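Trainee: Before we discuss any labels, could we have the structure in view?
Mentor: Here it is, and we will then take the terms in turn.

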Amino acid sequence: MTRRKVVVAGGAAVAAVGVGGGLAVNAFAGETTTDASASSSATASETCYTLTSETTEGPYYIDADKIRQDITEGEEGIPMTLELKVIDADTCKPVKNAAVDIWHCTALGVYSGYEAMGSGGGGGGGTPPSGAPTDAPSGTPTGEPPSGAPSGGTGGGHSEPTDDERYLRGTWKTDKRGYVTFKTIFPGWYQGRAVHIHTKVHVDGTWTDAGYEGGHTCHTGQFFFDEKSVLASAKVSPYSTNTTTRTTLTEDTIYPQNGHTGGLLYLKYDKKNIAKGVRAHLTMGVAPDETHDSTDTQPSTSASPSAS
């Protein structure tokens, strides 16, 4: 059981998104999109009966600290609108009044609430130090290796926040058609992970003046970005100053490698100037009667996961 303690803000308009993909908005001139083949090859029934893959919660979740749609808080980056639809994968009906959480790192790979842990919990972002270390240890290490995960994160085990910052985090409710929209920035990257956004969907709770209370988590997942869009973003400041070695989508150990079912977003942007902004959207097929709180996820078939 969870309790959202922040007062719900006013409503906002939501763009219409079809079950199979396409946005009901005007396209950018010269834009690029990743959804043409999927939209033409998949029928509505095939799409809505597909459960969106469950993936790890990661170590940096903070339970619905901000009930809002605009999660930017002045963070630098390419402006992005994230439009989601939540449907019951069994009946194809929209899931209304669900609480949808999203959270992600900055352009330089830092999570709010965990700034002391650096870029994604270790490594990356900024200019690396120059010169050789003057106090390098000598000899062979002894004793047991330290516990915990590699520097890229803790692989799903929760880490306690190190500060009170809450930028690039937010929760909002789906409308009667299952839609929810967030305003944010295109995420950056950090050691061991491809570019991604985390999400949770909570149902059967109650929206009150205090926010959202009770219910259970029916979906824990992540959204991903195709390589072309990430390469385009890397040419734009401040992403261009991120010196961390980037993990590609095919190298990522959390992404299930199964396209939109695995969380790969449909993207629309001006291919000549991604800095103008990105529209991202996806329909999530969930099982409202089930609980998926990150404890039941299966690792990808690639190498052992590092960060989350």
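**Rings, charges and burial**

Mentor: The charged end of K173 sits over the ring of W207, 5.7 Å from its centre. This is a predicted model, in which local features need pLDDT of at least 70 and side-chain atom pairs pLDDT 80 or more, while totals for chains, interfaces and linings use all residues. Residues are numbered from 1 along each chain as its sequence is written, and side-chain values use heavy atoms, with hydrogens and water left out.

Trainee: What makes K173 count as sitting over the ring of W207?

Mentor: The rule asks for NZ of Lys or CZ of Arg within 6 Å of the ring centre and within 35 degrees of the ring normal; K173 is listed as sitting over the ring at 5.7 Å, and K200 likewise sits over the ring of Y61, at 5.2 Å from its centre.

Trainee: Why is the pair of F224 and Y255 called tilted?

Mentor: Rings of Phe, Tyr and Trp (its six-membered ring) pair if their centres lie within 6.5 Å, and planes under 30 degrees apart count as stacked, over 60 as edge-to-face and the rest as tilted. The centres of F224 and Y255 are 4.8 Å apart and their planes stand at 50°, so the pair is tilted.

Trainee: How do you know whether F224 is buried or exposed?

Mentor: Buried means under 20% relative accessible area, exposed over 50% and partly exposed in between, with a 1.4 Å probe and protein chains only. F224 has 0%, and is therefore buried; Y255, at 4%, is buried.
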